[in-house]
Structure formats: structure tokens, C-alpha cells
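Welcome! Here is a short tour for anyone meeting this structure for the first time. Have a look at it below, and then we can walk through a few of its features together.

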Amino acid sequence: MADILGANVDEEGFLVDLSDWTKEIAVEMAKHDDIELSDEHWDVINFLRGYFEEYQIAPAVRVLTKAIGKQFGKEKGNSKYLYSLFPYGPGKQGCRFAGLPKPTGCI
Amino acid sequence: MADDFVIEPLPTYLEIPAVKADAMRGAGPFKSNAEFQNPLGFPGEKVDNWQQVAIDKMGELKSKYRSVQVFLDACVKCGACTDKCHYFLGSSDPKNMPVARQDLFRSVYRRHFTFAGKYFPKLVGAKELDDEMLDDWYNYFHQCSQCRRCSVFCPYGIDTAEISMAAREVMDSVGVGQKYCNQILGKAITIGNNLGLPEPALRDTLLDLEEEIEEETGVAVKYPLDVKGAEILLITPSADFFAEPHIDGFIGYGKVFHQDGVSWTMSSYASEGANFGMFIGSYDVMRKAALRIRKAALDLEVSRVMVGECGHAWRVAYSFWNTLTGVGAGAVANDEFALKLQNQLDSRYPQPQHIIEYTHNLIQQGRIQFDKSANDERVVTFHDSCNVARASNMGGIPNGQFILPREVIKAVCNNYVDMQRESIMESTFCCGGGGGLLTDDLMEVRIKGAMPRMQALKAVEKSDAVNTLVAICAICKSQFSKVLPKFDFDPYMIVSAHQLVSEAIIMDKPQTDETEIKTEIETEIKTEIETEIETEINDKTDETVKID
């Protein structure tokens, strides 16, 4: 099994044990994807982690865009903005960096 | 399969490619493990005596489903199906010719279940099920989306999807399952949807959506959850709550229900239309998922069950729910709950209904109105989703599954064109991501398989400036969002049919109650009289001035 900074990840790069998550792991995962995490990335990552703590699941895309728009300005409240931060999708790539499980289904 | 692969430019005409042997050879999608296998009743890893178990399972399927045996025996290798599969057309791998893919399974069947194959295997192309063959099964039966286009052209009507389903069921029985499907099924049969969205998160998501719609339109469209005694139970793919563009179609359903004034609900216990049990060929798992819907319908005491925009959900609902759950006619005589449900359902709607049928009916009756100009910037074409097109009907009229969605679309927008005839309706090309292939680890298969549909789309983009692609299936929508940009299309051009409905529907603004209206009128009259009196006085004053 592959690992990132000593934490096990599955074949899709998601943490096996979610409690292993650290900021350093997020930075390292992003580096593998050629992304340098900016404050804007962290805003999203922190929101994802907060939502997950409350609901035990990643937020729906619309919930995420709306919340980001409310907190950080309307021009950021859309999926195009989120895709500019996470080109592989805020759901899949964002959740991976944030140490959430991979969203599954017809998505 | 290579990690990096070239996406060829789209051809002007779809041609039959020269074969490239082993072009798509590979390890197949990620395999499932014990965590995902066991809850479905499958072994957690490849069992020791897997060959024997597999052959026994084949024997069981052959006698349980007579169709499987007929399909295995009937093929005469005429080759009519060879160039009909989008995966073959897009990949050139000869094992993706439907007849060749099926033959991976059929040759083993022949070896163990036919006289000639048992005694003269080489003469009849009968083969042993060894490790290499199993690897080929795993790889190539996950390059079939069970779309059944090939079956349309088969002179014997062989349902190739059923062979793929059987192969996957045999593989699950020996502990070789696919991660994507089986992980999702585990969530669907324990939590109630493919996402694993628990009730509080679902409730919160719906409240959020209500807020958004009211802010945007000024109309309080509701998304009721677990409302006992509602007329309609809506069963929709959970992607409708979660993903884009799906959610904009979901907003459309809500507006239609609101405008019609019908009472409806969703269920947090059965919050999924999709049923991947069909993809893995397991009747038992498919039934488990479907029974949640029956329980929800009984508990909520609804009188109609309706399905949202989901292709295979509609196939399962239309073709299998009756015997699986008792929605529709045909429950087993001793199935107490199925009979109870049949008595409970409105006798006018014993069968499940599709949301398109519902909206279509309201349009026919003139009960909802549209401002079609809201969609004037769009030139629209419709992608027939495979399971709707080739495994179901709508409206109870011949070809209704092709007619109704198009009539709904044309009722809400002014510019509509169809793609080439050989790529739509019963001959529709699969989106490339159906049948349990909508996973990132199959991206090469998905992109190559999308090529024929993309080619037909490119043609109408050139000829008619089409800029909007409509689908009524959650898988199609997600797949297109991902693959459209690979072929130089805008990923946002894929929308739900009900997104167009949503944009054009004329919503009644909220009415104030009667006393408020009365006071309003009284104030208006009062002001009018006052102004009149004032003018008169002024006039008189003027006159007085003149007299002076």
C-alpha cells in the first residue's frame, strides 16, 4: 500500500485512516498533483473538514459553492472558481487533500 | 492500457476501425476487497477452488435464467454486432466486438456445458477457465456498459448485456469484484443511497436548496422529506442532490410539482433511484436495494411512485419493480407486502411513473406555462440514454420513450435538432460511462467509448450550431461533464431535461391572503378618491382665482 508522509493511502490516493490527516499531508498530496496550496485552497479545505465533522460526508457541490460564496465573496461562489483551484474537481481532489473519503455514486 | 493515451481527433464520418489486437488489454478497474465484498454476500478475496466455484455458478445461472442459456447457445457468429459497440469503434480492440467479448464467456460455457465442447474442445473453440481467461473476463466485461446497442442489430435478439451481467456475477461469486460498483452498493443497501448521504446531511442539503430557489425566484418551492401521506414518492438518483449539472434538473422537478400543487415527498430511507445491483448481475442485491423503496412507499403511505432522471433506475423500475417489490402488477401471490403495496397505490397509477411522463402530461393539459424565450440562447439536441431507449417505454404509446422527452424539450425551447438518425433512439450510442464504468480508473475506456456519441454531436455542432446537450440520466450527465472537454466541447453544455423546464416555467408569484387583498383595494380606492377631491378643490380654487 502506498503512503504519504507515513500515512497509508488507497489506490486512488485517499487516506485509509482519516485520523492520519495533517496539514503537511495535504501539502504533500497537492505537490504530487503539481499544485501549491494557497489561502484560497485552504479556505475550501477547511470548509470541507468542518462540514465533514458535522455531517460525516462531503457537502454537495451546490452547498459548497454557496457557502464559499457567502464567506469569501459572491464571485467565488460557483463551480468554475472551485475547478480553477482543484482541476480534478472540488469533490474528488478537494476531498482528497482535505482528508475526506472519496465521494461515490453517479457523480 | 497505457497510462497516457492519445485522444484522436473526431472523424467526420464514423468508420469501422482496423483492428488493433490487445489495444485495451489491461488489469481492468480497481478490484473490490473484503470490506466491500462481504456486505453483499460475496467472498472477500479470490477463493482457493475458484475455478470449480465459477463453473458451478455458471451452471446455476444457466438453469436459473433460461435466457442466458438461449443467448449462449444461439449465436451463429454472423458478425452483425461487430461494428455496433461504441467501445470497439473507439478503441479498435477486437475483443470489444460484442461477439468476441461474449465469446470469452461462451467458450468456457461450451467447454463445460456442451457435448462437443466437453469431448472435442479444440474443434468448437471451447476453452478452459484459467487465470488468463479470468483476467480477460475482468478486463473486458468492464469494457461493456450493458447498453444493448449491439442487441438491436442481432438477428437472434441476443441480449449481450445479460452475458456481461452473468460474467460479473460469476466473478463476484469467486471473490473477484469491482470496487466502484460494490462499494457503492454497500452504501445503497445500508444508508439508502449511493453517496452514503445520511439523513441529516440530506435534510440540510434540501433546506439549502429551498433557500436558494426562494432567493432567486421569490417562490417558496419545497423539497419535502419523509412526509407521511403525501401523494407522490419521488425516487431519484442521489447525484441529483449532490452534483452539477444534475441539481438544476432537480430544481426543475420541484418547480413542476410546486406549480401543479401536488403533494409529494422523498424518503431518507430510500433516497436513491440508481440500482447498481443490475450492473453486477445480482438479482439478490438488486432486490435488496429495491425493497428499500417498497418499505418507504408503505411507511409513507403514498399512492404513486415516481422516478427522476436516471436511465437504469427507469429500466429497473419499469421492467423489474413489479416482481421485485410489487410496484406495478405481478406480485407473487404469497408476497404479503407487495400485495399490500398494490392495494395502497392509486389504481390509475399502479405502475411507477417517470418524471418526464408527469411533466409531459401537465403540458398536454395546459396546466403549466412556459416562456420559451428563456432558452433562446440554446440550440438543443437530445441524447437518448441507453436504458431508457432500449429497455423501457413512456406514456404507454409505441416509442413513447423517444417521443415524450423530445416533446417536453420542444415545449420549453425554440431551437431543437436531432443528431444523426443512426446515433439516436433505439440506435443511440452509449455515453461511454454506463453499466458501472463511471469511475476514474476507467477513464481511458470512458473517453474512447464516448467517441461515437461525440462524433455525432460534433456533426450537429457544425451543421446547426448546437450548444446544448440534454440527457435524462445521472450517469450520462456526469460522464459527459468529464469527457466533453476532451473533444473540445464546453463541459457545461450538458444539462438535464428538467433544467430547461426549470428555466422556462412560469411560476405563479405568491398570493397574499384575502384580507390583505381587501385592505389593499380599499387603500387604493381611498387614495384615488382623495386625489380626485384634491384636484376638484384645486380646480375650484383656480376658478375662484379667475373670478377674483
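Which residue in E3(B) does Ile232(B) stand opposite? The residue facing Ile232(B) there is Arg304(B). Please keep in mind as you read that this is a predicted model.

- Strand E1 of chain B covers residues 232–235, and both of its faces are covered.
- On one side of E1(B) you will find Ile232(B) and Leu234(B), on the other Leu233(B) and Ile235(B), and all of these are buried.
- E1(B) pairs with strand E3 (residues 304–307) of chain B in the parallel sense, over 4 bridges.
- Strand E2 (residues 264–265) of chain B also runs parallel to E1(B), and 2 bridges join them.
- Within E2(B), Trp264(B) is the bridge partner of Ile232(B).

**An open sheet in chain B**

- Chain B also has an open sheet of 3 strands, arranged in the order E5-E6-E7 with parallel pairing.
- Strands E5 (380–382) and E7 (494–496) of chain B each have a single partner strand, so they stand at the edges and one side of each is left without a neighbour in the sheet.
- On average, and ignoring direction, neighbouring strands of this sheet are turned by 35° against each other.
- Strand E6 (residues 468–471) of chain B is joined to E7(B) by 3 bridges in the parallel sense.
- Leu469(B) has Ile494(B) in E7(B) as its bridge partner.
- Lying across E6 and E7 of chain B is helix H22 (residues 497–504) of chain B, which runs at about 75° to E7(B).

**Two helices packing in chain A**

- In chain A, helix H2 (residues 39–55) packs against helix H5 (residues 90–97) at an angle of about 85°, and their axes are 9 Å apart.
- That angle makes H2(A) roughly perpendicular to H5(A).
- From H2(A), the residues Val44(A), Ile45(A) and Leu48(A) meet Pro90(A), Gly94(A), Cys95(A) and Phe97(A) of H5(A).
- Sorted by class, this contact of H2(A) with H5(A) has 6 nonpolar residues, 1 polar residue and no charged ones.

**Where the chains touch**

- Chain A brings 16 residues to the contact, and chain B brings 30 residues.
- On the side of chain A that touches chain B, helix H3 (residues 61–72) of chain A gives the most, with 4 residues.
- That side of chain A divides into 8 nonpolar, 4 polar and 4 charged residues.

Conventions:
Residues numbered from 1 in each chain as written. Chains lettered and ligands numbered in written order. Predicted model: local features only at pLDDT ≥ 70, side-chain atom pairs only at ≥ 80, totals over all residues. Axes fitted to C-alpha atoms, helices over the stretch in contact; angles between N-to-C directions. Parallel < 35°, antiparallel > 145°, perpendicular 65-115°, else oblique. Contact = placed C-beta atoms within 7 Å. Nonpolar A, V, L, I, M, F, W, Y, C, P; charged D, E, K, R; others polar. Pairing = 2+ DSSP bridges. Buried ≥ 20, exposed ≤ 12 C-beta atoms within 10 Å, placed from the backbone.
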